[in-house]
Amino acid sequence: METYKLTVNGQPKEVTVDPGTPLLWVLREDLKMTGTKYGCGIAACGACTVHLGGVATRSCVVPVSLIGDRPIVTIEAMAEDPVGRVVQDAWVSHDVVQCGYCQSGQIMSAVALLKSTPKPTDTHIEASMGGNLCRCGTYVRIREAIKTASQQLP
Amino acid sequence: MTAAPNSANDLLLSRRSFLRVSATLAGGLIVSLYRDIPLLAQEGGQAAPKPKVYPPDAFVQIKPDGKILITVNRLEFGQGVHTSLPMILADEMDADWSQVIAELAPAADVYRDPVYGMQMVGGSGSIAHSFQQYRELGAKTRAMLVAAAAAQWNVAPAQCRTEASVVHGPGGQSARYAALAEAAAQQPVPATVQLKDPSQFRLVGKRVRRLDSRSKCDGSVKFGLDLDLPGMKTAVVAHPPVFGARVKSFDDKPARTVAGVRDVFEIPLVKGTGVAVIADKFWPAKQARDLLQIDWDLSAVEHADSAQLWSHYKTLARTPGNVAVSHGDQTKIDTVAAANRIIAEYAFPYLAHAPMEPLNTTIRFDGDRAEAWAGSQFQTVDQAAIAEVLGLKPEQVTFHTAMAGGGFGRRAVADSHVQREAAVIAKRLRGTPVKLIWTREDDVQGGYYRPMHVHRAEIGISPSGMPLAWRHVIVGQSIVAGTPFAAIIVKNGVDATAVEGTADTHYDIPNFHVSAHHPAVNVPVLWWRSVGHTHNAFVMETLIDELATRAKTDPIAYRRQLLKPDAKKLRAALDLMEEKSASWRTTLPKDHAVGIACHESFETGVACAVDVSIENKRPRIHRVTVAVDPGFAVNPLTIESQFQAGVAFGVTQLMSKGAITLKDGRVEQRNFDGYTPPYIVDAPVAVDVHIVPSTEAPSGCGEPPVPVISPAVVNALAKLTGKRYRSLPLVTV
């Protein structure tokens with residue numbers, strides 16, 4: 001067991017866990033932040049997507065020991081994030097969600113996309129969202145909501 | 001799925017239900033629906049159980065602050081009932097929609113599906129079965145509020161009107177529902193009540209957004225997997241590598257060295273045995289499971305093997321099975337010249353549901369009672385299973401319905417195997433809550449798949465180009481064999497869920513014979529969103545398309561000509577789809593093709609046109625126009641959502657890695673790398689949905705989007721490549 005100092009959504013946190021513990025489970029079980037979801041554990045579905053040092057990252061395959069001083073941002077911070085809030089509002093206005101389980105990850109990927117590419121084309125959207133599975137199949141509305149959010153961002 | 005035990009159904013219909021109202025301590029109103037339990041108990045010669053009290057019986061609660069809590073009698077797992085059912089009740093009640101809160105009901109008799117007789121989601125029945133129920137609940141609640149106001153004002157109830165949680169009197173009086181609640185609770189419950197004329201609906205029939213959107217966008221909604229209880233432990237189970245196998249011996253010493261691991265022990269499973277690991281958290285539990293050294297006894301169980309099954313199934317398909325339907329003279333096929341016959345053999349693999357939220361159940365066993373949390377499509381069955389394992393009566397198990405991350409049938413399991421596993425572990429951990437988590441690997445490898453199937457169809461074509469005679473054999477495991485559902489669903493040795501969509505086709509085929517073989521295979525199988533329609537619609541709609549092509553007839557016109565006159569919903573959907581897709585179908589870019597399919601399931605008629613090209617040897621689905629006749633559309637926005645997304649779900653069976661296969665008894669895929677559902681690039685880019693206007697009773701929309709998409713796509717591919725695609729998955733085009 002090792003103790004790690006993390007910065008999560010701007011707040012300093014300290015956890016004592018096995019160094020191999022994936023960030024996903026540190027968030028969910030040690031920090032009780034369950035908005036980030038477990039879907040596959042092998043970075044194949046994107047449900048666990050967070051921003052690590054500003055980059056959309058699958059937290060299920062990042063051991064806590066490799067995080068270092070990179071800040072961690074999760075879905076719980078999106079309501080206070082200028083892009084995150086616009087994306088969430090677009091998701092709500094398009095009634096995107098169905099079961100909703102993948103949507104934390106979808107929104108984290110969409111926010112990362114819009115921060116780097118404020119006016120994405122369909123090709124950009126497919127590239128950035130291409131690893132986020134939605135079993136309900138809400139992709140059509142995800143696409144539309146990203147475009148709406150993009151129009152509303154400067 | 002299509003039906004439920006008749007006995008339970010008949011039982012329920014013979015029972016009366018009635019409303020009771022009571023005041024909350026704080027002055028609010030509680031409206032409960034009671035079943036006439038004493039009458040039932042009398043019939044069974046048992047002592048009458050005590051009447052139930054809130055909370056499990058309530059459907060509506062008006063709080064003093066004006067909030068209106070409406071209880072949803074079934075699981076929300078994406079289909080939208082958490083919004084649509086409250087809409088129906090709130091509309092008849094004239095509640096202020098902005099003040100409505102929805103909650104999922106725990107397991108209780110009053111929340112049983114009014115048609116199926118058990119608490120469940122299945123057969124796309126949520127709205128179809130509870131529309132009238134929720135209307136009456138809302139109308140009766142409104143009537144009592146009006147009666148209370150009328151009494152206060154000394155006017156006739158008929159002189160009052162209601163709007164947005166306020167009763168208005170004839171002299172300009174008004175009173176808020178919250179203020180009237182206590183007096184309303186003293187009013188007698190009306191035996192009958194006038195329901196609104198549909199023209200008076202304020203919410204029903206309108207595009208109303210989901211109530212659960214925001215909480216699903218900010219991470220705050222709690223799914224079953226998110227549950228956290230004080231002192232809770234996490235369990236994972238090492239399941240046998242071949243279904244039903246047993247542990248011979250195991251070494252847990254390395255596993256027990258993992259920090260946070262509390263116990264390791266062997267447990268019985270529904271079939272075979274496994275080894276449970278209990279830890280403080282998930283990660284140590286999984287680490288420890290990976291370190292277990294288990295010697296399995298694989299000798300006593302059949303080692304299913306896909307290659308051998310294909311061979312066996314294809315042989316079976318050449319002989320007639322148990323007859324599902326037969327009319328006319330099928331031997332007329334033999335009078336048709338070989339050039340005018342189609343002989344087609346189809347193959348469909350096992351499919352996993354793979355809902356995004358891995359399966360899980362949490363249970364705390366306290367000796368004389370227990371509490372359970374699960375995202376369950378079968379609350380009645382799962383509650384009883386937990387009780388049985390724990391030696392309790394069902395009512396001693398408080399069963400909370402957790403919001404679920406998808407399901408598609410996977411949470412509607414007759415043997416409740418996940419809940420039983422959790423209960424066995426909870427029994428051992430008495431007093432400590434334990435959350436059983438199935439990892440994605442457990443899910444992909446754990447069985448309960450859409451069964452694999454072979455179809456063989458022989459068609460004799462008449463000189464007009466229409467089918468003259470049709471002989472069809474379907475081979476696949478019965479989903480309901482060995483379950484209580486078999487008594488209802490299996491007739492003449494045919495599992496209706498295996499032949500639905502073919503045996504009951506809406507096409508008018510004069511000489512028609514459908515039969516089925518149901519081999520027993522050591523692979524657990526289950527209903528997968530739209531069940532038998534997944535493969536039957538594919539076969540029927542690709543064959544009809546082939547016939548239309550051979551007849552050099554437009555595929556829409558051909559279908560219209562062949563449909564029975566009484567196939568009204570399909571005809572309406574076909575007409576609307578033709579109209580709405582006309583502009584793009586006639587102006588397709590080069591190297592694109594249009595594919596058509598139509599299919600009715602769960603009493604909902606659906607027709608679609610798809611615009612497809614080929615990119616990297618894969619179908620690229622540019623556009624889908626869907627028309628649907630679901631009867632009266634309760635929430636057109638939800639219906640649009642279900643169809644836009646449901647067609648993407650249906651693409652699962654076209655994915656190159658859209659198959660579960662077995663070799664020597666072992667499942668060859670482990671996770672989403674081996675079994676790969678559609679991502680955004682695989683799904684249709686755009687889907688426009690058109691609803692046939694209707695005043696008929698509402699029918700389901702959860703499953704009907706699925707059957708049409710895959711045949712429509714391969715019908716388009718056939719135009720581009722000249723090939724007919726009869727074997728899934730679609731590895732390359």
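In the predicted model, K281(B) touches W25(A), E29(A), T234(B) and G260(B), when residues up to four places away in sequence are left out; two residues are taken to be in contact if their C-beta atoms, placed from the backbone, lie within 7 Å. K281(B) is located in the loop between β12 and α8 of chain B, where helices (H or I, at least four residues) and strands (E, at least two) are DSSP runs, numbered from the N terminus. With 20 C-beta neighbours inside 10 Å, K281(B) counts as buried, a residue being buried if 20 or more other C-beta atoms lie within 10 Å of its own, exposed if 12 or fewer, and partly exposed in between, with C-beta atoms placed from the backbone. The C-alpha atom of K281(B) is separated by 39 Å from that of P705(B), and the two residues are 424 residues apart along the chain. Residues are numbered from 1 along each chain as its sequence is written, while chains are lettered from A and ligands numbered from 1 in the order in which they are written. Because the model is predicted, local features need pLDDT of at least 70 and side-chain atom pairs count only at pLDDT 80 or more, whereas totals for chains, interfaces and linings use all residues.

Helix α8 (residues 282-291) of chain B has eight of its ten residues buried, so this helix is largely enclosed by the rest of the structure. The buried residues of α8(B) are F282(B), W283(B), P284(B), A285(B), K286(B), Q287(B), A288(B) and R289(B). They pack against α1 (23-30) of chain A and, within chain B, against β9 (233-238), α7 (253-256), β11 (261-268), β12 (273-279) and β19 (434-437).

The contact between the two chains takes 50 residues from chain B and 46 residues from chain A. On the side of chain B that touches chain A, two or more residues come from each of α6 (213-217), α8, α18 (636-650) and β30 of chain B, and the largest share, seven residues, is that of α18(B). By class, this side of chain B has 27 nonpolar, eleven polar and twelve charged residues; Ala, Val, Leu, Ile, Met, Phe, Trp, Tyr, Cys and Pro count as nonpolar, Asp, Glu, Lys and Arg as charged, and the others, Gly among them, as polar. For the complex, the predictor gives an ipTM of 0.98 and a pTM of 0.94.

Strand β30(B) also belongs to an open sheet of four strands with the order β25-β26-β27-β30 (chain B) and mixed pairing, two strands being paired if DSSP finds at least two bridges between them. The edge strands, each pairing on one side only, are β25 (593-601) and β30 (686-691) of chain B, and the twist averages 20° from one strand to the next. Helix α19 (residues 705-721) of chain B packs on the sheet, where it touches β25, β26 (604-615) and β27 of chain B, and its direction makes about 155° with that of β25(B); axes are lines fitted to C-alpha atoms, for helices over the stretch in contact, and angles run from 0 to 180 degrees between N-to-C directions.

Within this sheet, β25(B) and β26(B) run antiparallel and are joined by nine bridges, with C608(B) in β26(B) as the bridge partner of A597(B). These two strands form a hairpin with two residues between them, and F602(B) in the turn has a positive phi of about 50°. Eleven bridges join β26(B) to β27(B), again in antiparallel fashion, and C608(B) has V626(B) in β27(B) as its bridge partner. A hairpin with two residues between the strands is likewise formed by β26(B) and β27(B), and N616(B) in its turn has a positive phi of about 50°. Nine of the twelve residues of β26(B) are buried, and the strand is mostly covered. Strand β27 (residues 618-629) of chain B is joined to β30(B) by six bridges in parallel orientation, with V628(B) partnered by I691(B).

Chain B is assigned domain 1 (6-216), domain 2 (231-298 + 358-443) and domain 3 (320-339 + 449-721), with bounds that come from an automatic or database domain assignment. The centres of domain 1 and domain 3 of chain B, taken over C-alpha atoms, are separated by 38 Å, and 19 residues of domain 1 are in contact with 18 residues of domain 3.
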